[in-house]
Amino acid sequence: MDTVFDSRLNREIETLTERLHPPRVCIDNNSCRDCTVVKVDSANKYGILLEMVQVLTDLDLCISKSYISSDGGWFMDVFHVTDQAGKKLTDNNLMRQVEKELCATRAKEDIYDETELEICEELKSNYSKQNVSTEHTALEMSGMDRPGLLSEISAVLVDMGCSVTSATAWTHNGRAACIIYVEEASRPGPIKDPKRLAQVKEQLENVVEARGGKGERNNVRLRNFPAGRTHTERRLHQLMYADRDYESCHACHGDTSGYHKKGCDGTHVSISRCEDRGYWVVNVICRDRPKLLFDTVCILRDMQYVVFHAAISSKKSIANQEYFIRHKWNGIALQTESEKEKFILCIIAAIERRVSHGLRVDICTQNRMGLLSQVTRVIRENGLSIPRVEIGPRGENVVGTFYVTDPSGQQVNPNIVEVLRQESRGSADVVTNHNVPCGLSRSSSSSSSSVNNSSVEDKARYSIGSKLWSHFGKISCNFGPIKS
């Protein structure tokens, strides 16, 4: 007798299981002295681990330890979490929100009464959310990185009459990916006219491909999201994975115990086989940082691996992750050395993408048309690059974080902050982050703040080539591609 697989029937059975066994969440502040313990029991389904970790990271919670078990039809997980200050959760509204979000894997609007909705709206203004709005058109770009790329893209959007509502961009290994949410400047709302979308896309493609070589991988996409939610950082991982940024990564070979040796700061990934249960055992040791678990689980999902068991812990600045996995479809995955090497490089790339380099500049100013273009133009004209940026609305203002680096490898003069403040017409609250930029010692970080203003002037003269390229980039937007 033949067995026929019906995806609709399988989905109905899955939703029935979820209704019969909804997630149960227990938030415990008594078991651990230093953190809050969040326990989750639920019917198992593909991707549930990523959903749970995504909820916690979106609420700005730090996961210091976790135990995961989902072998069979049940999912059991324990998270040790703290707030951004490293303290236990004491806000009752936040704890209620954690419970509600973890329980609500479907149709969240059905689980809140009017009082809880008011609490949720207040929490959304206090805690960052990474779900994209369904009211704007999304520009997705991936391709070769170069200084001034984001500035040129944002300038084209202004010239085309598009207003940027929020933007997030990552760079890694010479590749770049960004998601920019735009709407019509003349009237709020998404760009729905197909001809208008095609015109904007064509101009953006001209800019992205302006200095690219023949056969260069570049991708520009404009689309309106349907009803539902897409996670910005989740999507950025997918874009960079599809762009194969992992190909330029370098694996740290040898025993993972070598990480603790002096001078070894790379990410160590090892793979072994558990023959009894058919698992692949993946061990990851690297520097600990916020959202590390989220980034690792994202890439495992993108490569279609299912996590059956996992143990995650951190001690001081070192994070240890151990996963017991199987491929969702291919039972013979990771059989060759080339497959294992690619797997390791993909894990390393996912962890490295969010590592911040350079000087951090936080901006808070009144929202207005062309703000992103103005800020990125100032950074570009001072001969600097932006390896990572996140900017979006908060009430009537706009808040943004820019990581700024010098392509020549020199330290960034903190006086760039004053230039940005002036460009914001005196209405911006621009501050430098006092944490040590990646790769700098505290002494070098503090000494860089004493550099005189002459270095800024030198950079302005040094960046005259960047200015010429800037004007050329804007002019080139008016030319269409040459077709043979």
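**A chat about helices, loops and contacts**

Me: Which residues are buried in α8?

Reply: In α8, the buried residues are Leu292, Leu293, Phe294, Asp295, Thr296, Val297, Cys298, Ile299, Leu300 and Asp302. A residue is called buried when its relative accessible area is under 20%, exposed when it is over 50%, and partly exposed in between, using a 1.4 Å probe and protein chains only. Helices (H or I, at least four residues) and strands (E, at least two) are DSSP runs, numbered from the N terminus. This is a predicted model, in which local features need pLDDT of at least 70 and side-chain atom pairs count only at pLDDT 80 or more, while totals for chains, interfaces and linings use all residues. Residues are numbered from 1 along each chain as its sequence is written, and side-chain values use heavy atoms, with hydrogens and water left out.

Me: What share of the contacts comes from residues 24 or more positions apart?

Reply: Such residues account for 71% of the contacts in the protein chain with a separation of 6 or more. Contact means heavy atoms within 4.5 Å.

Me: Let us turn to helix packing. At what angle do α2 and α3 pack?

Reply: Helix α2 (residues 48-58) and helix α3 (residues 92-103) pack at about 155°, and their axes are 9 Å apart. The axes are lines fitted to C-alpha atoms, for helices over the stretch in contact, and angles between N-to-C directions run from 0 to 180 degrees. The two helices are therefore roughly antiparallel to each other. Angles under 35 degrees count as roughly parallel, over 145 as roughly antiparallel, 65 to 115 as roughly perpendicular and the rest as oblique.

Me: Is the crossing of α2 and α3 left-handed or right-handed, and which residues make the contact?

Reply: The crossing of α2 and α3 is right-handed. A crossing is right-handed if the near helix is turned clockwise from the far one by less than a right angle, and left-handed if anticlockwise. Met52, Val55 and Leu56 of α2 make the contact with Val98, Glu101 and Leu102 of α3. By class, these residues are five nonpolar, no polar and one charged. Ala, Val, Leu, Ile, Met, Phe, Trp, Tyr, Cys and Pro count as nonpolar, Asp, Glu, Lys and Arg as charged, and the others, Gly among them, as polar.

Me: What about α5 and α10? How do they pack?

Reply: Helix α5 (residues 149-159) and helix α10 (residues 371-381) have axes 8 Å apart and pack at about 145°. Their crossing is left-handed. From α5, the contact involves Leu150, Ser151, Glu152, Ser154, Ala155 and Val158, and from α10, Leu372, Ser373, Thr376, Arg377 and Arg380. This contact has four nonpolar, four polar and three charged residues.

Me: Which residues in α10 meet α11?

Reply: Gln374, Val375, Arg377, Val378 and Ile379 of α10 meet Ile416, Val419, Leu420 and Glu423 of α11. Six of the residues in this contact are nonpolar, one is polar and two are charged. The crossing of α10 and α11 is right-handed.

Me: Which residues in α11 are buried?

Reply: In helix α11 (residues 416-423), they are Ile416, Val417 and Leu420. Seen down the helix axis, the buried residues of α11 fall within an arc of 105°, so they line one face. The arc is that of the directions from the helix axis to the C-beta atoms.

Me: A change of topic: where does aspartate 60 lie?

Reply: Aspartate 60 lies in the loop between α2 and β3 (62-69). Its phi is positive, about 60°, although it is not a glycine. Most residues other than glycine have a negative phi. Aspartate 60 is partly exposed, at 22% relative accessible area.

Me: And lysine 316, buried or exposed?

Reply: Lysine 316 counts as exposed, at 82% relative accessibility. It is placed in the loop between β11 (305-315) and β12 (318-327), and its phi is also positive, near 60°.

Me: Finally, where does valine 398 lie?

Reply: Valine 398 lies in strand β15 (residues 397-405) and is buried, with a relative accessible area of 6%.
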